[in-house]
Amino acid sequence: MNEPAIRVTGLSTSFKTDSYIVRAVEGVSFDIMKGRIFGLVGESGCGKTMTSLSIMRLVPSPGKITDGQIIFEDKDLVQLSGTEMESVRGNRIGMVFQEPMTALNPVIRIGEQISETIMIHKHIQMNEAKERSIDLLKQVGFDEPEKRYTQYPHQLSGGQRQRILIAIAISCNPSLIIADEPTTALDVATESQILFLLKELVRRFNTSMLFITHNLHIVKKLCDTVNIMYAGRMFEQSPVEDFFKEPLHPYSKGLLNSVFGFGATEKRLTAIPGFVPKLSEIPEGCKFHPRCASVMPICKEKEPSMREMGEGKSVRCFLYE
Amino acid sequence: MSEILSVSDLKRTYEVRKSAFSYAKETVKAVDGVSFKVDKGKTLGVVGESGSGKSTLARCVMFLERPDSGDIVFQGNTLNDINGQDLKKLRREMQIIFQDPYSSLNPRMKIYETLAEPVLFHNVVQKEHVMEKVEEILETIGLSTDFLNKYPHEMSGGQRQRVAIGRALTTNPALVVADEPVSSLDVSIQAQIINLFMDIKEKAGITMLFISHDLNVVRFLSDEIIVMYKGRVVEAGNGDEVFYNPLHPYTKMLIDSVKGGFAKRAGDDGQTEGGCPYYPRCERHQDVCAGRAPELTGGSNNNGGHVAACFLAFGAVS
């Protein structure tokens, strides 16, 4: 149980063009334990999606993984060849994306899209794959799996399509599922159902999950650990209960205060001033200092490093050095 | 308390093709008999999922879209029988803010032009004072004058949404309709924009119709809330009342979801003929719900204006 399913150390991904370098991910390290849901939280442009794309080795050109290791099932994913990576992607690591409307092929029947994945990775025949697909459709909560098997994506609602994507993601019994904002495009009620399904599946199959979101409410009810990213860096890592009881980093505190239902009880929110920096123009020193309420002179000059703060907790801030 | 906007029995339907390959049409009731009133200086929050008719309602209230039936009375004028000239004058008094600040600002206009355009169009101030007015607006929305010569693409989403809000405020409107104004923004920026809305509300005494799918956001800003489902109002009342003491199962479900519970697998939201529109998804449904649609009611004592369209809300059917 206490073994990591995946261990990422010092991962850096950057986009290099002739005129500038954008460091989307900078020295990110974390472990995702077996059977646990790892919540990766951040605002747009903080590098959370690039982290997940790096793990799957799907960083779009001209982006490149420039440093770091991703140890998954005794292999370093960074070093794998394209062909070797293909047998990991979709097979050992399942993926659920944000947009269920565009992630499915509109002219291929749903069943075939699920079977395809299984046939490729498990080298089995169509009829066997079909059986397995129908079983998967049942697992993700469809009442008439045989009927769904022959339908096309446009015949389903957004929530149902997201269920199909989840079925594809778990089709090969992966040991890690990466879910990148899987419910952002969905309604509140549907969102809630999808989250319930994900949690149940993680428990049932004892897989691990990397769950990317910007919504702290979701993190609180779904995840085991909270990991806050900002400007390509990890800012805070903490077990979920500790985080919501006592966030450490000023940015984490700010985030909680900006969200209704956590910090904001009075008739006014405490907003974080300023705006999320563009990755091409991040400040010197601590990347958060221009917006920070507890800024000190040192923050403008040096960047703090990640510091251990007890069991499973670490923070990148001079306040704790 | 004077009433500034009153909408009664508003209906708007759209004809859509049954499928991509057929000419057969079916009618979608986007807004189906919605009535409400907003008092001057108050904020009415409208909550609902996508497809519940919130945005159609906003467009109808702004008269950007003609309702099929029903009356919209704004400052004593019935919009339905007003002529074009008068409507133009009224437009000065009512402004709308859209969800996506990336597409609601003209990419080829500098911020100065964007903000000055409505000032000039509605003759808000004399020509030589336009610059002063624009600077005043910039101050209200918390942007420095450096932004005057910038184009929207040079700004972040939060800054653009500030400009969109500023543009709506240029004409000193009596009513502002905000259609999901914070949904496309980052969390830390959302809080800033919501605070800006609070400031505007306090300072300028503007009446607002605030539309959002996020009950947390709506509760924060609104005096009154209406909850919409499939084009109908299923619950309405004082903001805190609706949030802490919801009557309709749909509202309860929405609140549970935002408070951090998990909604179990609900039924499909299939079509209902004649019955309660929420009936197929409802956990508590009874036989009576399939037969006829419940009316909005506050029970026997009117419940302080907190009303719901549910047979079970006041224990009428046990």
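P62(A) is placed in the loop between α1 (48-55) and β4 (63-72) of chain A, where helices (H or I, at least four residues) and strands (E, at least two) are DSSP runs numbered from the N terminus. The peptide bond that leads from S61(A) to P62(A) is cis, with omega near 5°. The model is a predicted one, in which local features need pLDDT of at least 70 and side-chain atom pairs count only at pLDDT 80 or more, whereas totals for chains, interfaces and linings use all residues. Residues are numbered from 1 along each chain as its sequence is written, and chains are lettered from A and ligands numbered from 1 in the order in which they are written.

Two further loop sites of chain A have backbone angles of note. Most residues other than glycine have a negative phi, and most peptide bonds are trans. E181(A), however, has a phi near 45°, a positive value in a residue other than glycine. The loop that holds E181(A) runs between β7 (176-180) and α8 of chain A. N206(A), also not a glycine, has a positive phi of about 50°, and its loop lies between α8 and β8 (208-213) of chain A. Burial was assigned from C-beta atoms placed from the backbone: a residue is buried if 20 or more other C-beta atoms lie within 10 Å of its own, exposed if 12 or fewer, and partly exposed in between. E181(A) is partly exposed because 19 other C-beta atoms lie within 10 Å. N206(A) likewise counts as partly exposed, with 13 C-beta neighbours inside 10 Å. E308(A), which belongs to strand β11 (residues 307-308) of chain A, has 11 C-beta neighbours inside 10 Å and therefore counts as exposed. Between E308(A) and Q98(A) there are 210 residues of separation in sequence and 32 Å in space, C-alpha to C-alpha.

Chain A contains twelve helices and twelve strands. Its radius of gyration, taken over C-alpha atoms, is 20 Å, close to the 20 Å that the globule rule gives for 321 residues, so chain A is as compact as a globular protein of that length; the rule is 2.2 Å times the number of residues to the power 0.38. Along the principal axes, the C-alpha atoms of chain A fill a box of roughly 65 × 50 × 40 Å. Of the 321 residues in chain A, 46% are buried. Two residues are in contact if their C-beta atoms, placed from the backbone, lie within 7 Å. Among the contacts in chain A with a separation of 6 or more, 64% are between residues 24 or more positions apart.

In chain B, the secondary structure comes to ten helices and eleven strands. The radius of gyration of chain B is 21 Å, close to the 20 Å given by the globule rule for 318 residues, so this chain is as compact as a globular protein of that length. The box filled by the C-alpha atoms of chain B, taken along the principal axes, is roughly 70 × 50 × 45 Å. Buried residues account for 43% of the 318 residues in chain B.

Within chain A, helix α4 (residues 110-122) packs with helix α7 (residues 158-170) at an angle of about 20°, and their axes are 8 Å apart. Axes are lines fitted to C-alpha atoms, for helices over the stretch in contact, and angles run from 0 to 180 degrees between N-to-C directions. The two helices are therefore roughly parallel to each other, given that angles under 35 degrees count as roughly parallel, over 145 as roughly antiparallel, 65 to 115 as roughly perpendicular and the rest as oblique. The contact is formed by I110(A), Q113(A), I114(A) and T117(A) of α4(A) with I164(A), A167(A) and I168(A) of α7(A). By class, these residues are five nonpolar, two polar and no charged; Ala, Val, Leu, Ile, Met, Phe, Trp, Tyr, Cys and Pro count as nonpolar, Asp, Glu, Lys and Arg as charged, and the others, Gly among them, as polar.

The contact between the chains takes 27 residues from chain A and 29 residues from chain B. On the side of chain A that touches chain B, α8(A) gives the most, with seven residues. Helix α8 (residues 188-205) of chain A and helix α9 (residues 249-259) of chain B have axes that come within 9 Å and cross at roughly 50°; α8(A) and α9(B) are therefore oblique to each other.
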